[in-house]
Amino acid sequence: MKRFSTLVSFFLIFTPVFSQPFHPLPTINNPPLFNDQLHYTSSLLNQPNREVRILIYGQSISVQQWWKEVKAYFEKKYPNTKFNIVNKSIGGFSTERLKITTANDIASFYPDLILFHDYGNEQDYEKIIRIIQSKTTADIAIQTDHMANQGQEWHNHHSDVWMPELCKKYGLALLDIRKYWKQYLKDNNLQIKDLVVDGIHLNNQGNYLMAAIIENYFDNLSYGGASDNRMKILKRGKDFSVKKDILTLSFTGNRIDVQADASAKAASIGLVVDQQSLETNKGCYYYTRPTRQSNNSFLTKIGFLIAMDLSDKVQEEDWSLTIISIDSVQQQVVFSIKGSKTGEDGTGNSIELFTSKSGKITIKPDYWFIRRNEGDFSQYSWLQPGDVLQWQTKCMCHESAVLTPSSIQTLFQGISNTKHQLTITGQGAKHIKEIVVYTPVLPNE
């Protein structure tokens with residue numbers, strides 16, 4: 001994985017932001033597989049008081065500098081839109097690994113739009129798409145493979161045939177990076193090596209080109225068109241009513257936002273779904289990525305824990321995992337875990353299914369970051385006995401909330417994507433003028 005500190009400007013125009021000018025792009029004409037699949041995203045852009053969440057997801061190519069230029073592009077193009085743009089890509093995590101982290105990464109952020117690219121097998125690629133579409137209502141724009149020193153026949157078929165078919169099957173938007181990368185090389189008499197540093201990762205000009213292609217697609221994004229039922233806006237007096245400070249609503253989905261009127265200052269509400277406290281719903285919980293220190297990066301050593309399953313006993317607390325011993329030949333870790341509220345919660349190893357004594361956490365053998373062959377992540381050393389991994393379990397739902405006047409706020413997310421009964425009580429209930437129901441297109445995966 002390489003990082004670069006500079007990008008370059010468009011159309012041979014030099015600005016202080018970039019280090020040097022590069023050749024302009026070929027003309028990009030948005031295909032229906034892009035425009036027709038992003039009506040949800042286009043309906044959100046320019047909406048006042050509406051946060052638009054964009055996630056960059058994939059592996060090392062998605063970590064490179066181009067994504068920061070795309071982030072700046074959105075913020076400049078839509079100055080009245082409140083963006084929350086994050087990158088959760090993991091270098092080296094092709095589809096067979098990334099599918100393990102996807103559910104937690106996606107559910108905890110609940111994006112509106114995902115720019116996605118990954119390498120790996122196509123079965124797991126499709127699995128990732130299905131996880132996303134069962135956990136969120138996000139539009140997904142998938143990027144075809146750029147030109148690199150790889151087996152061109154497979155990547156041509158993957159990008160030119162398999163990906164368009166996947167887009168049609170799941171209603172995804174296609175960012176045809178490969179098509180315009182080829183045209184750029186041809187138009188400017190360049191070779192693949194002129195845009196990469198090691199046969200695959202992007203140099204400055206490659207970062208420029210990746211950002212420029214994506215931005216041009218969005219520059220040409222058409223607005224309007226038929227909407228679907230992923231996000232329903234319900235209005236007070238038409239779709240719901242409040243009687244004696246009680247609001248009841250039947251809905252199908254896994255997230256609820258509300259917008260209060262301007263008189264809702266300091267108005268509080270209580271929340272119950274299906275006659276149960278939201279804080280006992282395991283779907284409301286996620287875990288932060290385990291790290292060696294609170295300010296340290298995720299995955300700096302072989303032997304890391306990359307995923308876990310949370311039970312309905314989970315609560316908000318701090319967790320730690322202490323390495324007792326490692327065997328780098330047998331690819332095995334022996335460990336103990338501890339919760340700040342739970343206390344010592346058991347010992348286990350990485351080759352057997354582990355369930356903590358409290359039953360709050362389960363770790364499967366494939367949830368450990370180990371080498372799959374001698375050259376896999378050879379630049380990383382192993383964790384050592386005494387090393388400690390730290391994470392937190394956090395709740396995305398609460399039993400009460402204070403309404404923010406005129407703003408849209410999320411009350412809860414992450415519950416099962418099924419039919420539910422919502423009850424809102426308290427003086428603040430009468431100040432809710434709109435309820436937004438989010439319904440992912442696929443059932444729980």
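1. **Pocket and cavity, defined.** On a 1 Å grid over the protein atoms alone, a pocket is an open set of points with protein on both sides within 12 Å along at least five of seven lines. A cavity is a set of points where a 1.4 Å probe fits but cannot get out. Lining residues have an atom within 4 Å of a point. Grid points are joined across faces, edges and corners, and a volume is the space filled by probe spheres set on the points.

2. **What kind of model this is.** The model is predicted: local features need pLDDT of at least 70, side-chain atom pairs count only at pLDDT 80 or more, and totals for chains, interfaces and linings use all residues. Residues are numbered from 1 along each chain as its sequence is written, and side-chain values use heavy atoms, with hydrogens and water left out.

3. **The largest pocket.** Its volume is about 820 Å³. The lining holds 28 residues. Nearest the centre lie A103, N104, K135, M308 and D309. Two or more lining residues come from each of α5 (95-109), α6 (122-135), β10 (285-287), β11 (309-310) and β19 (408-425). Here helices (H or I, at least four residues) and strands (E, at least two) are DSSP runs, numbered from the N terminus. Helix α5 contributes the most, 5 residues.

4. The pocket lining has 13 nonpolar, 7 polar and 8 charged residues. In this scheme Ala, Val, Leu, Ile, Met, Phe, Trp, Tyr, Cys and Pro count as nonpolar, Asp, Glu, Lys and Arg as charged, and the others, Gly among them, as polar.

5. **The cavity.** The count comes to 1 cavity of 30 Å³ or more. About 30 Å³ of space lies in the largest cavity. Its lining is T101, N104, D105, Y287, R289, P290, F298 and I306. By class, that makes 4 nonpolar, 2 polar and 2 charged residues. Helix α5 gives the largest share, 3 residues. N104 was named above for the pocket, and N104 lines this cavity too.

6. **The largest nonpolar core.** A nonpolar core is a set of buried Ala, Val, Leu, Ile, Met, Phe, Trp, Tyr and Cys residues joined through side-chain atoms within 4.5 Å. Buried means under 20% relative accessible area, exposed over 50%, and partly exposed in between (1.4 Å probe, protein chains only). The largest core has 85 residues. F116, I142, F412 and I435 touch the most other members. Strand β8 (residues 246-260) supplies the largest share, 6 residues. Apart from this core lies another, of 53 residues, among them Y40, F83, A148 and I192. In soluble globular proteins, nonpolar side chains tend to be buried together.

7. **I142 and L175.** Contact means heavy atoms within 4.5 Å. Leaving out residues up to four places away in sequence, I142 touches F116, Y125, I129, M163, L166, C167, L172, A173, L174 and L175. L175 lies in strand β5 (residues 173-175). L175 counts as buried because its relative accessibility is 0%. Beyond its neighbours within four places in sequence, L175 contacts F34, L115, A141, I142, Q143, T144, I214 and Y217. The C-alpha atoms of L175 and P31 are separated by 9.2 Å, although the two are 144 residues apart along the chain.

8. **The disulfide.** A disulfide is a pair of cysteine sulfur atoms within 2.5 Å. The whole structure has 1. It joins C284 to C397, S to S 2.0 Å. C284 lies in the loop between β9 (268-273) and β10, and C397 in the loop between β17 (388-395) and β18 (400-402), so the bond ties together parts 113 residues apart in sequence. The torsion about the S-S bond is about -95°, so the disulfide is left-handed. Both C284 and C397 are buried.

9. **Other cysteines.** C395 is buried, at 9% relative accessibility. C167 is buried as well, at 0%.

10. **Two backbone points to check.** Most residues other than glycine have a negative phi. A266 has a positive phi, near 65°. A266 sits in the loop between β8 and β9 and is exposed, at 66% relative accessibility. Q275 has a positive phi of about 60°. Q275 is in the loop between β9 and β10 and is exposed, at 78%.
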